[in-house]
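Welcome! Here is a short tour of the aromatic rings in a protein model. Please take a look at the sequence and structure first.

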Amino acid sequence: MIVFGNTLSPFVRKTLAFGAEKGLDVQLVAAGLGQGPPEFKQASPFGKMPGFQDGDFMISDSTAIITYMEAVKPDPNLIPAEPKARARAIWYEEFADTIVGACAGKVFFNRVVAPRFLGRDGDLPAADEAQSVEFPKLVDYLESVIPASGFLVEDRITLADIAVASPFANLNHAGCPIDAASHPKTAAYIDGILARPSYAGMIAREKAMFAAA
Ligand SMILES: N[C@@H](CCC(=O)N[C@@H](CS)C(=O)NCC(=O)O)C(=O)O
């Protein structure tokens, strides 16, 4: 299986971590922001990462790719079968992709992507506002819902945890960390998920890239 993209995208990182938790053999091929092989454009008609290829099957969108991975390799099960647990896992993925993703996008794009990858200034007031207005609501919410087990659904690793952790890596990279004093459960929870083998290597390589800059 091939994922086209860059792990700095929370959607690419989530997809790769999901594949790793499944034990799938997934290769990352660099693509995105107008770059990448022709297969990337075939897989992702609007150029968004991640794109995906498995033999002659191609598709884009992290949720579509994850749905495919879960269907071709049901074990270990990462999208619960029980109806309420399944709905909650999908809610947390949606929360991560759209609500956390919107905040992380403003902070990471304006502080990192625009100056570093697009060669132009980002909208720093927009990033600051996302950090001071949107971010506190996200961590307040998570602090209120994280169970003692350290997993959001069924007290085991599921898509919910894999999805929620990913955009927090972008927020960390962009100088918007979780305050462990005010939000201890959330800080420990995100640290714990990002420390799993499925995430740790990617995060270490991303940090090394920023440190070398
Ligand atoms: N809903 C999509 C979102 C994908 C997306 O927005 N990717 C961004 C990177 S985080 C992208 O490729 N942006 C470049 C562009 O729009 O040209 C998914 O879950 O995969």
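Does Trp91 count as buried, partly exposed or exposed, and at what relative accessibility? Trp91 counts as partly exposed, because its relative accessibility is 38%; buried means under 20% relative accessible area, exposed over 50%, and partly exposed in between, with a 1.4 Å probe and protein chains only.

This is a predicted model, in which local features need pLDDT of at least 70 and side-chain atom pairs count only at pLDDT 80 or more, while totals for chains, interfaces and linings use all residues. Residues are numbered from 1 along each chain as its sequence is written, and side-chain values use heavy atoms, leaving out hydrogens and water.

Searching the whole structure gives eight aromatic pairs. Rings of Phe, Tyr and Trp (its six-membered ring) pair if their centres lie within 6.5 Å; planes under 30 degrees apart count as stacked, over 60 as edge-to-face and the rest as tilted. Two of the pairs are set out here.

| Pair | Centres apart | Angle of planes | Type |
|---|---|---|---|
| Phe4 and Phe40 | 6.2 Å | 45 degrees | tilted |
| Trp91 and Phe95 | 5.8 Å | 35 degrees | tilted |

Phe4 in strand β1 (residues 2-5) and Phe40 in helix α2 (residues 38-43) are 36 residues apart, so this pair links distant parts of the chain. Helices (H or I, at least four residues) and strands (E, at least two) are DSSP runs, numbered from the N terminus. Phe4 is buried at 2% relative accessible area, and Phe40 is buried at 5%.

Trp91 and Phe95 both sit in helix α4 (residues 83-117), four residues apart, which means about one helical turn separates them. Phe95 is buried, with 3% relative accessible area. Together with Tyr92 and Tyr141, Trp91 and Phe95 form one aromatic cluster.
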